[in-house]
Every structure is written in C-alpha cells, then in structure tokens.
Amino acid sequence: MNATNIQPAGSQGGGEIPFIGAFLGVGSLLALIVAARTSDPLMGAHAMMFLIAFVAGSFALIQHISSGKRLDPNTYEMGVIKAGVFASTFWGIAGFLVGVIIAAQLAFPNLFYFPDFGWTNFGRLRPLHTSAVIFAFGGNVLIATSFYVAQRTCRTRLFGGITPWLVFWGYNLFIVIAATGYLMGVTQSKEYAEPEWYADLWLTIVWVAYLVVFLGTLLKRKEPHIYVANWFYLAFIVTIAMLHIVNNLSVPVSLVGTKSYSLFPGVQDALTQWWYGHNAVGFFLTAGFLGIMYYFIPKRVERPIYSYRLSIIHFWALIFIYIWAGPHHLHYTALPEWAQTLGMTFSIMLWMPSWGGMINGLMTLSGAWDKLRTDPILRMMVIAVAFYGMSTFEGPVMSIRAVNSLSHYTDWTIGHVHSGALGWVGMISFGALYFLTPRLWDRERLYSLRLINWHFWLATIGIVLYASAMWVSGIMQGLMWREYDQEGFLVYSFVETVEAMHPYYLIRALGGTLYLTGALIMAFNLWKTIRGDIRQEAPMGAVAMQPAE
C-alpha cells in the first residue's frame, strides 16, 4: 500500500528542511533561555520539555538529511498516518482511563481522595480527561484521517515534504505540555481551553503548519473536484484556528512565567469563551468528524454517498448556523437577553442541517443494510451517525430557555455531552481506525472481526448506561434544586441532592469501564493486525449447519 502509484506531484521537496532546521534551532535557544531565567519552577519544567523536544527534533532532522532519502512524489505519505493510528489509540485509552478514575472519585470520594498528592484530585484530573479524549484522541484521529483522505481524494502526496511530521510531533508536544500543566496546576480555567499562553502560542504555530499542509495538498491536487469530506476538514481547521486565537488572547504576567490574564473583561470574556467552547464542539467534534463520515462510510459500504447535493447543503448550513449558537450556554446570566435569544434561535435552527447530514449518512446504506449483519466496523459507523442525530436533536431542545432552566449545571448536560462524545465521536473514530489499519500495513484483513463485535457491544452498552444514568440523575437533580416548600424555603439541601445521585454515579462508572474495556480490545486487535496475525474464526453472521438426521 505504501507503494501506491499516483500521478506525479512535481518536485520531490526538501526546500522546507532549512526552514524547519532554523525553527528548531531558534526554539531550542528560546527554551534554554527561559529555563535559565525563570523563577517559576512550573515554567522551568515546561521549558525543559520544550528544549528536549526541540533537540530531539534537531537530531531527527540531521538523521533524515544524512540518510540521503528523497521523498518519492509518486507515492502517498503513509508513515505519519501510521504514527497517528498509534497516537490515537494510546491517547484514547489514556483519556478513557482517567475518565473512569474521576467517575470513581465522584462515586467514592473518600476512597479516591489523596490530600498529599494534589495532581490526583478531581480538579486536576477532570481537564486532563477532557483534553485527552477531545484533543489528544480526537485531534490525532482527525489529523491522521484528514491526511489519508486528502491524499486519496486529491490523488497526490501530502504537500510540504516532512512538514506533516512537524504537525504530528508538534501537536503531540502540545498535548504533553497541556496534560502535564493540568497535573501541576498550570491552567487559565477556560473550558476546553485550559492551557496557558505559551502552550496556546505553540499550538497556533503547529496549527498554521497543519493548514499549510492541508491547503497545499488541495491546491496541487490532480483531481479537479474537491470531495465534500475535504470541505468539512478545511472548515474544521480554519474555524478552530480563528476560535483558538481570539479566545486565548491574553496578557502574560511575565514572558518567563506561566500566569496570564484574559484580554477580555467580565461578561465579554464569558461570551467569547462560549463562542469558542460551543464551536469547539461544532467544528472540532462535529465538522471534522463529519469529514470522516462522508469518506469512510461510502468506502466501507462500497456505495456513493446518498445525495451529494444534500451534503453541500449540509456543509454550508452547518458552518453558517453553528457559529452563532454559543450564547445559549449563558442563559440567566449578565449577558443581554437578546444575545441569549439569538444563541437559542440559531441552536434550534441547527437541528435541520444536522439531521440532513444524519439522513445522508444513513441513507448511503440503501440497498446494503444486510452488510450490518456481517460487518461490525460498518455497524460502529452507523451507530455513530445515530448518536449524532440524537445529540443534535437533544442539544437544540436543551438550548431553549425554559428547558435550560432545568438542565443547566446538572448531570443532564453531562449525559448529553457524553452521548455525543462517546457515541458519535468515539464510535466513528473506532470505525476509521479499524478501516485504516489493514490498509496502512498492507494486511489481508483485521486480526479478528469477532473482537470488533465485542468492542461494539461493550461500547454501546457502556454509552447507554452512562447517558441514561446521567439523564435520570440530571433531571432529578434539577427538580430537587428547584423544589420549595409553602414558606418559600428549599426542600432539599445540596448534600441531599448529592446523596440521591450516588446510585447513578455507580452506573456511570460502570458504563465508562465497559467503554474503556472495548478500547483495550481494539488496541489488542490493531496490534495483532499490524503484526500480521489473523485469527481463525467463523465469518460474522454465519449460521451453524445442523447435522443431517
């Protein structure tokens, strides 16, 4: 598969090497200066991490140059996608594991509280879990699949020579800096945007390189038409760049210290944060993964997308409407009511294009629904689209002010987020990883389809347990909070509401454990596939023959 021939793509590259070398050299020098001059031990630790990474990158670049290898423009770049499969699997398991740990902490706070080890406490592990599953797992899946899809739909090698490797390693360096920062207490306390100013600056540089690689590949394509999956990937890359830069505008206290303050005050900061926060969901967790849906489902089912015209309508409606929906996170706050209503209105409108995309994905299976009996990978992708439809209906309902008065700040929101994250993002990602692995390593098939079936059912049951427990818990929680007696006093104390939620927290921890177990099975299956092993097993959907009488 690595030797797949494609039409010539021009020069063999190499012009980017001096630039990358100079970049690594300057980065090493700056990291050394910060490490030497800072009086902040946390900044010193991160400066040393940057220094080690830049020096390691410099040695890798020297080795690449001395090897004399030339990039063949007539083959696809497969190595960086393979690395993305490994990184996605590793970060996914790490993120799910931390999720199970913090779920256990909520269910058994006395058992899992360690006052002498601050980095083990919920307040630090929770953003670690969030970033690990969204940005580390999801981000690596998006980078790997976007590089894979762009090459095949454009029939050309990735643009930029070794720049895709800079994107991959640079992005994962950001993940390490962010994760260690959470554990050490380095955070600017913004949802989905916790890393401090220097980590944000580094991610901006990496993201620009990502945009250059992806856009350059589209510009030098040998296929005249730009397939719709690439439109969704491009919207994800461009919009996340805009959101990230604006939301993270801040003033550092010192150029050699970790602490910074937001450029925006008060309610303006809140509005900017949720313009970012909701559209991180909209463009990172929705548009990017719709790119996966629009490529991998038709490829797996071996049929064209149901309606290409509907996919274009889906794209333009989604990117126009989603960007306005953020204020619905700020109902009953100091934000002007007209802005709250604007966010609510566009959130309700968002239901239509979202379901248009869901219908497009599901109807692609028209005439091929029988494949679900024998193909657990396709089953995973289809259940992902179903969860996408459910979440994009529930979200607009929860944005309505009257509903939001009950749901906000409760576990209902947690159930909603995880039905989308585990059901839509997780399942479509698993399907893509299963699809990619045998093709990347040129294997006949995956090690075991039956293990994929086990993964499918463990993950699905885990999601149902998790989401349903949080829906019941959240609605109960909201009703208990708003119940007053005849004299106008609250009937239940906060502690009583927490006590009432305990059984549902146990169910949530169980659901998360099942989901993690499925991911571990996937890791084993992918590893055995990469090794070239094939398990001898009956085909999926086969009916056992009855002995003749």
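Tutor: Start with helix 4 (residues 122-154) and helix 15 (residues 411-440), which pack with their axes 10 Å apart at an angle of about 40°. This is a predicted model, where local features need pLDDT of at least 70, side-chain atom pairs count only at pLDDT 80 or more, and totals for chains, interfaces and linings use all residues. Residues are numbered from 1 along each chain as its sequence is written, and side-chain values use heavy atoms, leaving out hydrogens and water.

Student: What does that angle make helix 4 relative to helix 15?

Tutor: Axes are lines fitted to C-alpha atoms, for helices over the stretch in contact, and angles run from 0 to 180 degrees between N-to-C directions. Under 35 degrees is roughly parallel, over 145 roughly antiparallel, 65 to 115 roughly perpendicular, and the rest oblique. The angle is about 40°. So helix 4 to helix 15 is oblique.

Student: Which residues of helix 4 meet helix 15?

Tutor: Contact means heavy atoms within 4.5 Å. On the helix 15 side, the partners include His418, Phe430 and Arg439. From helix 4 come His129, Phe137, Val141, Thr145 and Tyr148.

Student: At what angle do helix 13 and helix 15 pack, and what does that make helix 13?

Tutor: Helix 13 covers residues 376-399, and its axis lies 8 Å from that of helix 15. The angle is about 155°. Helix 13 is therefore, relative to helix 15, roughly antiparallel.

Student: On to the rings. How many aromatic pairs are there?

Tutor: Rings of Phe, Tyr and Trp (its six-membered ring) pair if their centres lie within 6.5 Å. By this rule, the count is 44.

Student: What kind of pair do Phe168 and Trp169 form?

Tutor: Planes under 30 degrees apart count as stacked, over 60 as edge-to-face and the rest as tilted. The centres of Phe168 and Trp169 are 5.0 Å apart, with 75° between the planes. The pair is edge-to-face.

Student: Is Trp169 buried or exposed?

Tutor: Buried means under 20% relative accessible area, exposed over 50%, partly exposed in between (1.4 Å probe, protein chains only). Phe168 has 5%, so Phe168 is buried. Trp169 has 56%, so Trp169 is exposed.

Student: And Tyr295 with Phe296: what kind of pair is that?

Tutor: Tyr295 is buried at 7% relative accessibility, and Phe296 is buried at 0%. Their ring centres are 5.1 Å apart and the planes are at 80°. That pair is therefore edge-to-face.

Conventions
Helix = DSSP H or I, 4+ residues; strand = E, 2+ residues; numbered from the N terminus.
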